[in-house]
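Please look through the structure below with these notes beside it.

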Amino acid sequence: MTSSSVPIYLGDEDLTQETRDLLSSLPSEKGWLVSQIYQFEGSWHTQGLVQGILNCQKNFKAKDSDIILATTPKSGTTWLKALLFALIHRDKFPITAYLQTSISPSCLLQDSCKRTYSIILCRYPLRARLVRLDPKDVFVSLWHFGRKLSPEETAEYPIEKVVEAFCQGKFIGGPFWDHVLEYWYESRKNPNKVLFVTYEKLKKQTEVEVKRIADFIGCGFTAEEEVSEIVKLCSFESLSKLEVNRQGKLPNGIESNSYFRKGEIGGWRDTLSESLAEVIDRTTEEKFRGS
């Protein structure tokens, strides 16, 4: 990738002088998804994301009708965003009509329901009665996503170094474990405000979880067939085949089809060696111990 083709999300044209001054004072690291990332308020971000955070802190005022979808990158965000959009708007438009034109990684959630919520989507192994979270699938999705989008100087970053950076929390939106724990504890303290959704449960019992999400945002179902229809139309197979997701670019310069790979559970085995998987497992055990 040449400097003349740097995507919008890596550019610095929109940075204010205030943000440039702030960035110069922040801890920074060479990134493996981008050339440089910055630690700001406990997480790591690109310079553009830092600018966006500052803009939100200054200007965003939450309404009672807002729904905030909070996820770690590459944790199933696009799927849950599509489900939320379909749930909220199913009374306004025929489902087949709006899915064919609107459900893409860039679709925006509208003011529709009753309160301000935050929904966290994360990956979690389906083991009976265990709440130990497993980020290996998240890592592998990030790894492949990053190889498609990275500038030349980071595209061939060795996977061993990427695993090390991931376990140190030094990736966009990291650390993974802090993000998950914050929302897990908050969902226990404020169950009416924060809904904690796991990717694996959403895959294994999709209709049950979709009903739970719908009830949470005040858009419950009255007919079983309606649930099945939304689940089918928002499936990975359906979304990945839509023309809006196969061609073109998002406003941030990323190609739409980059957001769809496999959507499987346990796909990390195709990419990670057992030794690298153990490194992530040890970090997970340490970070979640006592939680």
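1. Glutamine 51 sits in helix 2, which covers residues 47-59. The model is a predicted one, and the values in these notes should be read with that in mind.

2. Is glutamine 51 buried or exposed? Its relative accessibility is 6%, so it counts as buried, the cut-off for buried being under 20%.

3. The side chain of glutamine 51 has polar partners. One of its polar atoms lies 2.8 Å from the backbone nitrogen of threonine 16. The side chain of threonine 19 is joined to the side chain of glutamine 51 by a polar contact of 2.7 Å.

4. Which residues does glutamine 51 touch, leaving aside those up to four places away in sequence? They are Asp14, Leu15, Thr16 and Thr19.

5. Helix 1 (residues 17-25) packs against helix 2 at an angle of about 120 degrees, and their axes are 10 Å apart. The two helices are therefore oblique to each other. Their crossing is right-handed. On the helix 1 side, the contact is made by Glu18, Thr19, Leu22 and Leu23; on the helix 2 side, by Gln47, Val50, Gln51, Leu54 and Lys58. By class, the residues of this contact are four nonpolar, three polar and two charged.

6. Serine 24 is another residue of helix 1. Where glutamine 51 is buried at 6% relative accessibility, serine 24 has a relative accessible area of 63% and is exposed. The cut-off that this step needs is over 50% for exposed. The side chain of serine 24 reaches the backbone oxygen of aspartate 21 at 2.5 Å.

7. How many residues apart in sequence are serine 24 and tyrosine 38? The separation is 14 residues, while the C-alpha atoms of the pair are 9.4 Å apart in space.

8. Helix 7 (residues 159-167) and helix 14 (residues 274-288) have axes that come within 10 Å and cross at roughly 5 degrees. Helix 7 and helix 14 are therefore roughly parallel to each other, since angles under 35 degrees count as such. Helix 7 makes the contact with Ile159, Glu160, Val163, Phe166 and Cys167, and helix 14 with Leu276, Val279, Ile280 and Thr283. Sorted by class, the contact of helix 7 with helix 14 has seven nonpolar residues, one polar and one charged.

Note on methods. Residues are numbered from 1 along each chain as its sequence is written. This is a predicted model: local features need pLDDT of at least 70, side-chain atom pairs count only at pLDDT 80 or more; totals for chains, interfaces and linings use all residues. Side-chain values use heavy atoms; hydrogens and water are left out. Helices (H or I, at least four residues) and strands (E, at least two) are DSSP runs, numbered from the N terminus. Buried means under 20% relative accessible area, exposed over 50%, partly exposed in between (1.4 Å probe, protein chains only). A polar contact is a pair of N or O atoms within 3.5 Å; within protein, one must be able to donate a hydrogen and the other to accept it, and residues adjacent in sequence count only if both atoms are side-chain atoms. Contact means heavy atoms within 4.5 Å. Axes are lines fitted to C-alpha atoms, for helices over the stretch in contact, and angles run from 0 to 180 degrees between N-to-C directions. Angles under 35 degrees count as roughly parallel, over 145 as roughly antiparallel, 65 to 115 as roughly perpendicular and the rest as oblique. A crossing is left-handed if the near helix is turned anticlockwise from the far one by less than a right angle, and right-handed if clockwise. Ala, Val, Leu, Ile, Met, Phe, Trp, Tyr, Cys and Pro count as nonpolar, Asp, Glu, Lys and Arg as charged, and the others, Gly among them, as polar.
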